[in-house]
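Please read the points below alongside the sequence and the coordinates.

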Amino acid sequence: MALSKSAAAAQPLTLRGRGPRRSVLFFAFAFAVIADPVSSVAYAIEAALRALHGDLALLLPTMSLVVGLVVVVTANYWQLVRRFPKGGGAAAAAGRAFGPRWTFLPIGALVVDFVLTIGISIAAAASAVIALFPALAPWRVPLALVLLLVVAGLTWFGHGGRLLFAFMTVAFVVISVAVLVLGFTSPDTAGHAAATRDPGHSAVLAVVLAFPVAMALATGIEAPSTAIAQLGQLDDTHRRRFGRGTLALLVVIVGGLTLALTALAVRLHIGIPGADSTQIADIAHAAAGPGWLYGAFQLTSSLLLLAAASSSFQAGPGLLKALSGTDERPGVLPPVLGQTNRHHTPYWSVVVHLGAAALIIVAAAGQEQELVLFYAVAVFVSFLVGLLAMTRFARREGKPSLAWINGTAAAAVAFTLAVNLLRGWPVLSLAATLLIAAGLYARWTRAGRPSGIEDVEARAEAD
């Protein structure tokens, strides 16, 4: 939905002066940007239940804790939007708080996060299709790879689909509300999962160990703080409003859907699903039966997941393109990664993401729940750096209360990150993040440490 640079320069007063047109822009921007976190509802609740070993009685407290931490992280990005209305996110905050070399840590985290978002979203979309058409179960991996190729192919045509992403998000929310209303008032059937099981620990410890896995729900929170750089046709005040409005919408929709679907799962006794289904599909089936509403729920959820993958297929290559530099600005990455087609798509960067996502899909046998364990690691590195940066800003400016709040939030994020790393294999996400960050830093140093690296995320979105 971003206008060209020339159009942006010519139209700021017009857009600011027309409320209806600005409302349409906000709709397209906000609902497209929150496609990723909204789509996370499709697998985050199930991830928590699996970590609880199927104990439904602890599921709602666990997801409530997850939503609470989402609110805490969102509050930090609310501050980031105020401080950096031209975009930049955690990378801009880290660079200005600790020096440009620290910019590469959140950038490395984002590179890993984009690849994981593509892989998990595609795998989850395939699972949604299989839940609707179980005969496709033996073809899970080929189906996921075909969907991956389709989404990557559509990326060739640039950013034209963003309004479509917004409608997909709205459609999923509307259908979900219909399923919830029917499920709470007149469900078709109920599951047979036991209300309580032995999670292997005390209730409190079980919740503490389980909620970090479901923090996959928090992925995508950074998007509004960087995506506002697309809004060159607006001034700083309106970009702040768009960014903060999108963050508020994110919390309301993601938090509301998560808690409502969790409560319905508990009410209808929907436990860990079978091999050819997902928990969210089982919830919808129990609530609505096998009719058209269930089919619409599965269709909209799969399309939303594909939209989330497509969004990362645009943002990830865009970031690599920005790092490759231009004729006017020296780059960190090889120039080939910045080569674009007539739709401004950096096609070699798309190929890099395509190959990496295909690799992790095959490694996980197309099972999104295998990948979720790796998900809430890299992005939490970015969250942690952003929170520490905002804490430092608050201390510099003599705001001890704000510094204490940000510091407490940083401690909560660090704890979540540590618990996920203790599971073993997720340390690979951290290793990949650190390796990419170190490699980018080394290339930046070799290039003579060009200035402006802190603004690379904003440049990626503005382009």
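1. Leu 136 is partly exposed, with a relative accessible area of 32%; here buried means under 20%, exposed over 50% and partly exposed in between, with a 1.4 Å probe and protein chains only.

2. The model is a predicted one, in which local features need pLDDT of at least 70 and side-chain atom pairs count only at pLDDT 80 or more, while totals for chains, interfaces and linings use all residues. Residues are numbered from 1 along each chain as its sequence is written, and side-chain values use heavy atoms, with hydrogens and water left out.

3. In helix 5 (residues 41-51), 9 of the 11 residues are buried, so this helix is largely enclosed by the rest of the structure. Among the buried residues are Tyr 43, Ile 45, Glu 46 and Leu 49. His 53, which follows helix 5, has a positive phi, near 60°.

4. Across the chain there are 20 helices and 0 strands. Buried residues account for 56% of the 463 residues, and the C-alpha trace spans about 65 × 45 × 45 Å along its principal axes.

5. Of the contacts (heavy atoms within 4.5 Å) between residues at least 6 apart in sequence, 82% join residues at least 24 apart.

How values were computed. Helix = DSSP H or I, 4+ residues; strand = E, 2+ residues; numbered from the N terminus.
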